Amino acid sequence: MSMFISRLRSLAFVLGLGAGVLGAGALGVAAQEFKQLELTDQMVTSFIAAQKDFAPLASKLAEGGETPDAALTKELEDIAKKHGFASFADFEDVGANITIILDGLDRSTGTYTDPVEKMKKELEEIKADASIPPEDKKLAVDDLTQEIKQAQPLKYAANIEVVKKHIAAIEELIPEEAGESGPADEAPAP
């Protein structure tokens with residue numbers, strides 16, 4: 001599994017998307033199976049506000065495995081609707097769109113690198129790394145090549161600026177161990 005995929009999944013989980021990864025599967029097996037949306041300030045602020053209501057359900061989601069029971073599914077739907085989303089799936093889509101921006105955003109410079117480009121760079125680094133055993137390298141190259149083929153580039157560039165406006169509130173939701181470094185270690189994005 002590529003660093004991109006594992007970082008995306010860990011970011012998605014801490015942003016309340018654990019339900020989607022475990023339940024309805026907005027991110028699914030491949031990183032780009034979600035619906036790309038043009039984010040608005042309202043969508044992002046509603047997503048952030050919903051986190052306090054979803055947080056108590058995290059342990060239930062983890063215990064529920066891949067398919068949450070009907071009662072938990074109803075709770076997820078109700079919370080999503082309370083915060084202005086048509087459904088929990090819509091909430092997940094917004095979270096996945098935020099996550100894809102976060103994964104490509106350098107918080108110290110405010111620059112964004114499309115995740116597809118990041119995966120291509122990672123692929124070149126793996127190919128050039130002589131310390132990786134040949135069998136492992138082949139597996140890693142094959143997996144990452146497949147992920148790149150399936151990945152979609154960012155569809156709505158305006159989402160970058162929308163997420164940047166809310167970066168401080170979003171970073172408060174992310175534990176330090178979720179990313180490469182925590183918000184305290186990085187300068188805020190412009």
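**Why these labels fit**

User: Glu161 and Lys164 both belong to helix α8; how many residues apart are they?

Analyst: Three, which is about one turn of the helix. Please keep in mind that this is a predicted model.

User: What makes the contact between Glu161 and Lys164 a salt bridge?

Analyst: The side chains of Glu161 and Lys164 come to 3.4 Å, N to O. The cut-off for a salt bridge is within 4 Å, so the label applies. By this rule the count comes to nine salt bridges.

User: Is Glu161 called buried, exposed or partly exposed, and why?

Analyst: Glu161 has a relative accessible area of 45%. Buried means under 20% and exposed means over 50%, so Glu161 falls in between and is partly exposed. Lys164 has 13%, so by the under 20% rule Lys164 is buried.

User: How do you know that Lys165 and Asp41 form a salt bridge, and which parts does the pair tie together?

Analyst: The N to O value for Lys165 and Asp41 is 3.3 Å, and the rule asks for within 4 Å, so the pair qualifies. Lys165 is in helix α8 and Asp41 in helix α2, so the pair ties together parts that are 124 residues apart in sequence. Asp41, at 32%, is partly exposed.

User: What makes Arg107 and Glu171 a link between distant parts of the chain?

Analyst: The closest N and O atoms of Arg107 and Glu171 are 2.9 Å apart, in a salt bridge. Arg107 sits in the loop between α5 and α6, whereas Glu171 is in helix α9, 64 residues apart. Both Arg107 and Glu171 are buried.

User: Why is the pair of Phe85 and Phe91 called edge-to-face?

Analyst: The structure holds five aromatic pairs. In the pair of Phe85 and Phe91 the planes are at 85° and the centres 5.5 Å apart. Centres within 6.5 Å make a pair, and planes over 60 degrees apart count as edge-to-face, so both conditions hold. Phe85 and Phe91 are also both buried.

User: Then why is the pair of Phe88 and Phe91 called stacked?

Analyst: The centres of Phe88 and Phe91 are 5.5 Å apart, with 25° between the planes. Phe88 and Phe91 both lie in helix α5, three residues apart, and both are buried. Ring pairs join Phe85, Phe88 and Phe91 with Phe47 and Phe54 into a cluster.

User: How do you know that the span of α2 agrees with what a helix of 14 residues should have?

Analyst: At 1.5 Å a residue, α2 should span 20 Å; the C-alpha atoms at its ends are 20 Å apart, which agrees. The buried residues of α2 include Phe47 and Phe54.

User: Which residues have the most contacts in the largest nonpolar core, and which element gives the most to this core?

Analyst: That core has 32 residues, and those with the most contacts inside it are Phe54, Phe91, Ile98 and Ile170. The elements giving two or more residues to this core are α2, α4, α5, α8 and α9. With eight residues, α5 gives the most. There is also a second, separate core of eight residues, with Val116, Leu123, Val141 and Ile148 among them.

Notes
Residues are numbered from 1 along each chain as its sequence is written. This is a predicted model: local features need pLDDT of at least 70, side-chain atom pairs count only at pLDDT 80 or more; totals for chains, interfaces and linings use all residues. Side-chain values use heavy atoms; hydrogens and water are left out. Rings of Phe, Tyr and Trp (its six-membered ring) pair if their centres lie within 6.5 Å; planes under 30 degrees apart count as stacked, over 60 as edge-to-face and the rest as tilted. Buried means under 20% relative accessible area, exposed over 50%, partly exposed in between (1.4 Å probe, protein chains only). Helices (H or I, at least four residues) and strands (E, at least two) are DSSP runs, numbered from the N terminus. A nonpolar core is a set of buried Ala, Val, Leu, Ile, Met, Phe, Trp, Tyr and Cys residues joined through side-chain atoms within 4.5 Å. The expected span of a helix is 1.5 Å times one less than its number of residues.
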